[in-house]
Amino acid sequence: MVQTCTQDFRLNLPLDGAHVDAMIRNRDVALTGADRTVGRDAYLAYVSEGIGGFQGLARGNAMRFQRKNGSILNSPSATAAAVIHGHDDALSLGYLRSVLRTTTAGSNAAAGLCIHVYIYLCSCAAFGGQDFQKLAVQDFNSRQSLHRKELQHLMQWLKEKKLDDTTLAKVKTRYCHFHGSTTFTEPELSHARILLCKHAVLVCVVDAVFDIDGTHEEQLNIVDLLQRWDVNGPKAEFCSKRVETIYWAIHGAICETVEKAFPTQGRSVMDHVVELWVDIVKGMLQEAEWCRANTVPTLEEYMETSSITLGVAAFLLPAIYSAGHKLEDDVVRGPQYQRLFLLTTTIGRLLNDVRGFEREAQEGNVNAVSLRIMRRGMDMEEAVEEVENLITTLTRQMARLTTGEDNCGEVPKAVREMFWRAVKGFFFFYMKEDLYHASTKLVKVVESVMNEPISIA
């Protein structure tokens, strides 16, 4: 597929073929809702742009997967392939025009920004050829430059908040910004990407206090400080310099979130953002208490707590507040929004666990896989298979909510898409292994996407 892309469009992509081909496999998620009896034809329709277009597919077989919006399985590239090969009905053309108006380089977690350029170029080819290709490449490189500036801002933020003395914070900043870039793709959402990254890095820093080298006193102090939140400053003493540093960094991120969200929301979201942070640190404290007491939780207890401690609430929801869509408090706290959030956090947690359970077992930690082995008497293969099947089921549910096939009307479509992009980001990071911990591999991918421009040969 990479070879097809580079030959057809004479592109110099800044990722090696092995990485790109692996990332493209994430598109399978979009097919999880397809009936198994038509799965093969659905897959061929979806990847038609990578196997020489629709030439190998009968029109009837491919076009039966056309959605109401005119797309083939909601794939811009597959739809463009259909148009290129003569299936240019009004619905398909309308869908591709909307893609050209609204799609941004980098919207897919699959290869971050680079793969989407191919989708973008494929669509452009349906409307004019090389001039559009040049514009698309220029657009990508411009956005790449913007993302580098955002990363520079974030590194300066680390320094100002005195968080730059740890390798963890520096490395996680790159990863978290990469995830933010695939969730909030529009150029004008720079502040949302930055907010997501700041909160996500702080979740990682706080998690280290509870999970790696923090004292019990520090853990209790962090929980107490956030529970007694005051915008004017802490109502409790700091037990250590590290806690003081972390507290003021969180305080600044929350206040910045409130400021960025107000123009759209027309109200203060501070109480809700603080509440999200309190829930996370209380969950982290619970996990630390289990470890201290050598207590093995039930699977239900573990999932209820660990889905929260993944930290999605603290980094995704505050950023969504600032992403340009008004969300009333009753919507954010309503069942539809909460269902989207719960599916996102649960999928993320299960992906983390199924790829990292061996490492966590060596560290003495339990997760969704090891608890199935311990509590239900499963062997490793059975436990992994059950978790993977659950991920598939939940992802199908998420896809239906995102596309509107299930009732989720009170949550704006664009916001649902942000949740979906966040899920796709998790699939990227946990595609075959836990890339958050296989740092050298992920660094190479992130550095390539962020620093190497695309060119037309």
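Residues are numbered from 1 along each chain as its sequence is written. Because the model is predicted, local features need pLDDT of at least 70 and side-chain atom pairs pLDDT 80 or more, while totals for chains, interfaces and linings use all residues, and side-chain values use heavy atoms, without hydrogens and water.

Student: What is the mean pLDDT of the protein chain?
Tutor: The pLDDT is the predictor's confidence in each residue, from 0 to 100. In the protein chain, 67% of the residues reach 70 or more. The mean over the chain is 77.

Student: Which element has the highest mean pLDDT?
Tutor: Helices are DSSP runs of H or I with at least four residues, strands are runs of E with at least two, and both are numbered from the N terminus. Among the elements of the protein chain, the lowest mean pLDDT, 44, belongs to helix α3 (residues 39-46). The highest, 97, belongs to helix α11 (residues 216-227).

Student: How many contacts beyond four places in sequence does the model have for residues 1-6?
Tutor: A contact means heavy atoms within 4.5 Å. Over residues 1-6 the pLDDT stays under 50. For this stretch, the contacts beyond four places in sequence number 17.

Student: How are helices α13 and α15 oriented, roughly parallel or roughly antiparallel?
Tutor: Helix α13 (residues 270-292) packs with helix α15 (residues 312-321) at an angle of about 170°, their axes being 9 Å apart. Axes are lines fitted to C-alpha atoms, for helices over the stretch in contact, and angles run from 0 to 180 degrees between N-to-C directions. Angles under 35 degrees count as roughly parallel, over 145 as roughly antiparallel, 65 to 115 as roughly perpendicular and the rest as oblique. The orientation of α13 to α15 is therefore roughly antiparallel.

Student: Is T344 buried or exposed?
Tutor: T344 lies in helix α17 (residues 335-362). Buried means under 20% relative accessible area, exposed over 50%, and partly exposed in between, with a 1.4 Å probe and protein chains only. Because its relative accessible area is 0%, T344 is buried.

Student: What distance separates the C-alpha atoms of T344 and A422?
Tutor: Leaving aside neighbours within four places in sequence, T344 is in contact with several residues, including F419, A422 and V423. T344 and A422 are 78 residues apart along the chain. Their C-alpha atoms are separated by 7.4 Å.

Student: Which cysteine has the sulfur nearest to that of C197?
Tutor: A disulfide is a pair of cysteine sulfur atoms within 2.5 Å, and the structure holds zero disulfides. For C197, which is in no disulfide, the nearest cysteine sulfur is 5.3 Å away and belongs to C176.
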